[in-house]
Amino acid sequence: MKKIIITLDGFSSCGKSTLARQLAKELNYVFIDSGAMYRAITLYFIREHIDCNNTEQVKRALSEVNLSFEYNPLTGQSDMYLNDENVELLIREMVVSERVSEVAALKEVREFGVAQQQQMGIKKGIVMDGRDIGTTVFPDAELKIFVTADPAVRVERRFKELYEKNPAITIEEVKRNLEMRDYVDSNREFSPLRQAADAVVLDNSDLTKAEQLQIALQWAREKM
Ligand code: C5P
C-alpha cells in the first residue's frame, strides 16, 4: 500500500482534530494539529507583547520561536512544545483563542507555519488538520476532507470541552469566539479557509465519532 497525505480542513470546532488523530492511529500515520502551531506562536506573541502591525517585531519574534511536537505517554497523544516548554494546555485557553486568528492572518506567520508543515509531509504518511492544508500546504494531497457540522452543534461541543476546564465560561462567549475566528479565518488575505475544489465534504452533525472514522477510512483506503 502506498503512503498518502490526508488533509482535513474546516471551520472551528468541527471535530477535525479528533477525526485526524483517529485516522492517523488507524493507519499508523503521523498526526499534525496545525492549529496548535498557530496557537503556540500566538502564546509567544502575547507573552512578548508583540505588536502585529510592526513587521520587524513580528519577524524577530518568529526567529525566536521553536516549535515541536512530543509524544506524551500519559495521554498517548503528541503535545505542543514552544521553545522546549510543554504548552499543550496553555494554548487551548480563551486568551489564546481570542488572539490566534489575528496572528495567524499575518503573512510572515503563514510563511513560517506553511514551510514547517510542508517539511513534515515530505515522507507522506501524514494526516494534518487546519484551515488551508488542502489548498496551500499540500495542494497535491491524495485525500482532502472538508469537515463541516451544524454551527449550533459546534458551539455545544466546544462549550462542553471548555466548561470541563473552566466552569466560568459561558456559551455566549464560546459562540462569539467561534464566529469571530471563522470570519477572520475565511476573509484573510493570505491562505484563507476554503474548501479545496477536489475535497470531499464530511458533515458530521449527526454522526458518531466511530461512524465518521469509518467513512474517512474508506475514502483513505480507496486512495492507497
Ligand atoms: O484548529 P484550531 O481551532 O485550534 O486553530 C486555531 C486557529 O489557528 C484558527 O482559528 C486559525 O486562525 C488558525 N489556523 C490557521 N491555519 C491552520 C490552522 C489553524 O490559520 N492551518
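Me: This is a predicted model. Which hand does the crossing of H2 and H5 have?

Reply: H2 and H5 cross with right-handed geometry. Their axes approach within 11 Å, at an angle of roughly 140°. An angle over 145 would count as roughly antiparallel, and H2 and H5 are therefore classed as oblique to each other.

Me: Which residues make that contact?

Reply: Contact is judged from C-beta atoms placed from the backbone, with a limit of 7 Å. On the H2 side the residues are Ser34, Met37, Tyr38 and Ile41, and on the H5 side, Val109, Gly113 and Gln117. By class, the contact of H2 with H5 has 4 nonpolar residues, 3 polar and no charged. H5 itself spans residues 107-120.

Me: How do I read H2 against H4, and at what angle do the axes cross?

Reply: Start from the angle: the axes of H2 and H4 cross at roughly 100° and come within 8 Å. The range 65 to 115 counts as roughly perpendicular, so H2 and H4 are roughly perpendicular to each other. From H2, the residues Tyr38, Arg39, Ile41, Thr42, Leu43, Phe45 and Ile46 take part. They meet Val95, Val96, Arg99, Val100, Val103 and Ala104 of H4. The contact of H2 with H4 divides into 10 nonpolar, 1 polar and 2 charged residues.

Me: What surrounds the ligand, and which residues are closest?

Reply: The shell is a list of residues picked by distance to the ligand. Here 14 residues surround the ligand, and Gly35, Tyr38, Ala104, Gly130 and Arg131 are the closest. Helices H2 (34-47), H4 (94-104) and H8 are the elements that each give two or more residues to this shell. H2 supplies the largest share, 4 residues. Tyr38 is also part of the contact of H2 with H5, and both Tyr38 and Ala104 take part in the contact between H2 and H4.

Me: How many residues of each class does the shell hold?

Reply: The shell around the ligand holds 4 nonpolar, 5 polar and 5 charged residues.

Me: H8 gives residues to the shell. How does H7 pass H8?

Reply: H7 passes H8 in a right-handed crossing. The axes of H7 (residues 151-165) and H8 (residues 171-187) come within 9 Å and cross at roughly 120°, and the two helices are therefore oblique to each other. Arg154, Val155, Arg158, Phe159 and Leu162 of H7 make the contact with Ile171, Val174, Lys175 and Leu178 of H8. In the contact of H7 with H8 there are 6 nonpolar residues, no polar and 3 charged.

Me: Which residues does UniProt list for the domain?

Reply: An unreviewed UniProt entry lists residues 6-219 as "domain: Cytidylate kinase".

Key: Residues numbered from 1 in each chain as written. Predicted model: local features only at pLDDT ≥ 70, side-chain atom pairs only at ≥ 80, totals over all residues. Axes fitted to C-alpha atoms, helices over the stretch in contact; angles between N-to-C directions. Parallel < 35°, antiparallel > 145°, perpendicular 65-115°, else oblique. Left-handed = near helix turned anticlockwise from the far one by under 90°. Contact = placed C-beta atoms within 7 Å. Nonpolar A, V, L, I, M, F, W, Y, C, P; charged D, E, K, R; others polar. Near = placed C-beta within 6 Å. UniProt positions renumbered as here; feature names shortened; annotations may be inferred.
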